[in-house]
Amino acid sequence: MEFRKRIEELLNNFLETRKDLFLIDLKISAGDDITVILDGDNGVSLQDCLDASRAIEFNMDREEHDFSLQVMSAGLSEPLVTPRQFTKNIGREIEVLLNDSSKIEGELAKVDEEKITLVLRYRKPKDIGKGKVDVEEEKEIPYSEIKKALVVIKF
């Protein structure tokens, strides 16, 4: 069996036993350095990474194929990629870079298989008279228009 296919199979078998975890990325370099990035509905613990690593490593023969393996969680600085990641972050502030290079920042309100919905809050000048008024509006953004989406970290 091809090396990559075997790794994918072992990883999928592990994820079948842990429905709260999901794969973000699997990279295998030309030198067979394997990097697995996981996320979870309730986060990813060190034990989760160890369990995933063992599920792969203990079922591979290093005599047959030499490799290095690194299993990690998706960090806060990693972009949101899957609908499941977006769902996990409902209620948080996110910044979305669109394909046309414009940026939108708002609270993630809804997620489905085709799009996300942000609540945008800003102030704009009154239509009549002086001063400004608070505005809150929803904006739907299809995944196809998203180049990159990041959770805004506030201190």
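Biologist: What makes Phe-3, His-65, Asp-66, Phe-67 and Ser-68 contacts of Asp-32?

Modeller: In this predicted model, contact means heavy atoms within 4.5 Å. Asp-32 touches those residues, with neighbours up to four places away in sequence not counted.

Biologist: Where does Asp-32 sit?

Modeller: Asp-32 belongs to the loop between β1 (21-28) and β2 (33-40).

Biologist: Why is Asp-32 said to have no salt bridge?

Modeller: A salt bridge needs a side-chain nitrogen of Lys or Arg within 4 Å of a carboxyl oxygen of Asp or Glu. The nearest side chain of opposite charge, Arg-4, is 8.8 Å away, so Asp-32 has no salt bridge.

Biologist: What makes the 19 residues of the largest nonpolar core a core?

Modeller: They count as one because a nonpolar core is a set of buried residues of listed nonpolar types, joined through side-chain atoms within 4.5 Å. Ile-7, Ile-34, Val-36, Ile-56, Met-60, Leu-69 and Val-71 touch the most other members. At least two residues each come from α1 (3-17), β1, β2, α2 (46-57) and β3 (68-73). The most come from α1, with 6 residues.

Biologist: Which residues does Val-36 touch?

Modeller: Beyond four places in sequence, Val-36 touches Leu-11, Leu-23, Asp-25, Leu-26, Ile-56, Leu-69, Gln-70, Val-71 and Met-72. Another core, of 15 residues, lies apart from the largest one and includes Leu-80, Phe-86, Val-96 and Val-151.

Biologist: How many Å separate the centres of domain 1 and domain 2?

Modeller: Taken over C-alpha atoms, the separation is 34 Å. The domain assignment places domain 1 at 1-73 and domain 2 at 83-151.

Methods
Residues are numbered from 1 along each chain as its sequence is written. This is a predicted model: local features need pLDDT of at least 70, side-chain atom pairs count only at pLDDT 80 or more; totals for chains, interfaces and linings use all residues. Side-chain values use heavy atoms; hydrogens and water are left out. Domain bounds come from an automatic or database domain assignment. Helices (H or I, at least four residues) and strands (E, at least two) are DSSP runs, numbered from the N terminus. Buried means under 20% relative accessible area, exposed over 50%, partly exposed in between (1.4 Å probe, protein chains only). Lys and Arg count as positive and Asp and Glu as negative; His and the chain ends are not counted.
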